[in-house]
Amino acid sequence: MKQLRHSMNRPRGFAPARRAKPRIRRLAPAAWLAAPLLAGLLLPLAVVPLRGGQPAPPAVPQATASPAPPAPAAKEAPQPKVSVYLSHSGQIETLPLEDYVSGVVAAEMPADFELEALKAQAVAARTFIVRRLQAGDHSGVPVPGADVTDTVSHQAYVSKAALERKWTRGGKSAGLAKVRRAVLETRGVVMTYQGQPITASFFASSGGYTENSEDYWNAAVPYLRSVASPWDQDITPNLAVTYTFSNAELIQKLGIADTALPASRDLAASALAKPVSSSSVSGLPAEVLSRTAGHRVQKISIGGTVFTGREVREKLGLRSSQFTWKRKGNKVLITTYGNGHGVGMSQWGANGMAKQGSTATQILKHYYSGISFQQVSTLLKK
């Protein structure tokens with residue numbers, strides 16, 4: 001989902017400054033028809049309540065299923081093409097949209113995840129690239145002629161050659177077949193909000209809640225709201241990871257001039273579910289100033305310098321900005337919970353929901369508030 005690997009500094013699947021333009025780049029005007037969704041992708045579901053006091057997006061009718069795709073025609077129109085810059089070889093691979101989505105799902109989520117979780121990942125991956133193609137967005141691509149890279153700066157992607165070599169001939173053919181089934185059963189489906197493809201950000205696992213978008217980035221997005229994600233805690237391996245730093249390391253990495261770092265009180269894991277008040281030990285201030293709606297560190301004062309939780313995470317190379325701080329002798333132990341920026345869909349949470357019987361539609365509507373589903377062909381007609 002991976003991520004289950006995420007870039008510390010460049011969260012995947014998010015481009016707050018992007019806006020869809022009326023002119024569609026590279027996409028053929030002829031609508032290509034999608035295979036019907038399984039019944040699970042058309043089940044109605046109530047909208048997840050918004051958190052964090054943001055204005056509610058337009059209500060999604062609770063008793064109306066997502067519109068069914070048109071009936072298959074005798075001959076399918078060509079799919080849109082995606083050109084991927086392969087970072088290891090420096091070459092560009094151009095392939096049909098659905099083949100690209102298969103390569104992304106294979107790279108981003110373990111094939112042994114539940115099928116409904118893989119389907120949710122397929123829709124998220126497809127939505128991300130369709131939004132990018134529609135906007136003509138080439139940001140982060142080092143060479144002309146490519147739409148996206150194969151790295152987590154955009155979406156991780158396994159090339160066709162690697163799928164053949166490492167999956168088909170490498171004993172993972174059953175896993176690849178499962179990934180392709182997830183893509184086929186969601187063929188052409190993207191998530192939209194107010195008629196436009198959404199920013200379908202996702203990450204590995206949460207510590208119990210996802211984040212409001214503005215708590216990690218500077219943009220408040222109405223469908224990227226903080227929601228509960230308790231499923232991660234039961235199934236995520238290495239949910240809690242502890243890092244050990246010396247005083248010298250912290251001084252250097254955080255850029256703190258004072259050689260005496262603060263010794264904070266131990267922040268117990270139980271404190272993750274509620275705000276933590278300021279504290280001071282031995283006259284050396286170490287203060288969690290605020291927490292986000294997702295219970296991550298929003299602002300923290302260390303040695304008199306105020307950092308955001310994101311800054312601490314990135315400067316120290318932590319898995320998450322949900323962390324506790326413990327002093328032990330001349331060392332500092334920082335324990336993180338979850339993995340990733342926390343905005344959008346938790347991949348391990350999606351797998352946990354699927355294990356409990358949730359459909360891909362239910363998973364996506366939980367993590368992306370107020371969204372609808374459309375076919376790419378419908379978007380092209382607009």
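Helices (H or I, at least four residues) and strands (E, at least two) are DSSP runs, numbered from the N terminus. This is a predicted model, in which local features need pLDDT of at least 70 and side-chain atom pairs count only at pLDDT 80 or more, while totals for chains, interfaces and linings use all residues. Residues are numbered from 1 along each chain as its sequence is written, and side-chain values use heavy atoms, with hydrogens and water left out.

View 1. Of the 382 residues in the chain, 56% are buried, where buried means under 20% relative accessible area, exposed over 50%, and partly exposed in between (1.4 Å probe, protein chains only). The chain exposes about 15600 Å², and carbon and sulfur atoms supply 53% of that area; accessible areas come from the Shrake-Rupley method with a 1.4 Å probe, and for residues only the protein chains shown count as cover. The mean pLDDT, the predictor's confidence in each residue from 0 to 100, is 79 for the chain, and 71% of its residues reach 70 or more. Over residues 1-11 the pLDDT is below 50, and this stretch has 61 contacts in the model beyond near neighbours in sequence, a contact being heavy atoms within 4.5 Å.

**View 2. Helix α9, residues 360-367.** Seven of the eight residues of this helix are buried, so α9 is largely enclosed by the rest of the structure. The buried residues are Ala360, Thr361, Ile363, Leu364, Lys365, His366 and Tyr367. They pack against several elements, among them helices α2 (115-135) and α8 (347-355) and strands β4 (189-193) and β15 (372-375).

**View 3. Leu333 in strand β13, residues 331-337.** Although Leu333 and Thr244 are 89 residues apart along the chain, their C-alpha atoms are separated by 4.6 Å. Leaving aside neighbours within four places in sequence, Leu333 is in contact with Thr242, Tyr243 and Thr244, and also with Thr324, Trp325, Lys326 and Lys328.

**View 4. Gln194 and His295, two loop residues with positive phi.** Most residues other than glycine have a negative phi. Gln194, in the loop between β4 and β5 (196-197), has a phi near 50°, and with a relative accessible area of 63% this residue is exposed. His295 is found in the loop between β9 (284-291) and β10 (297-302), and its phi is near 70°; at 13% relative accessibility, however, His295 counts as buried.
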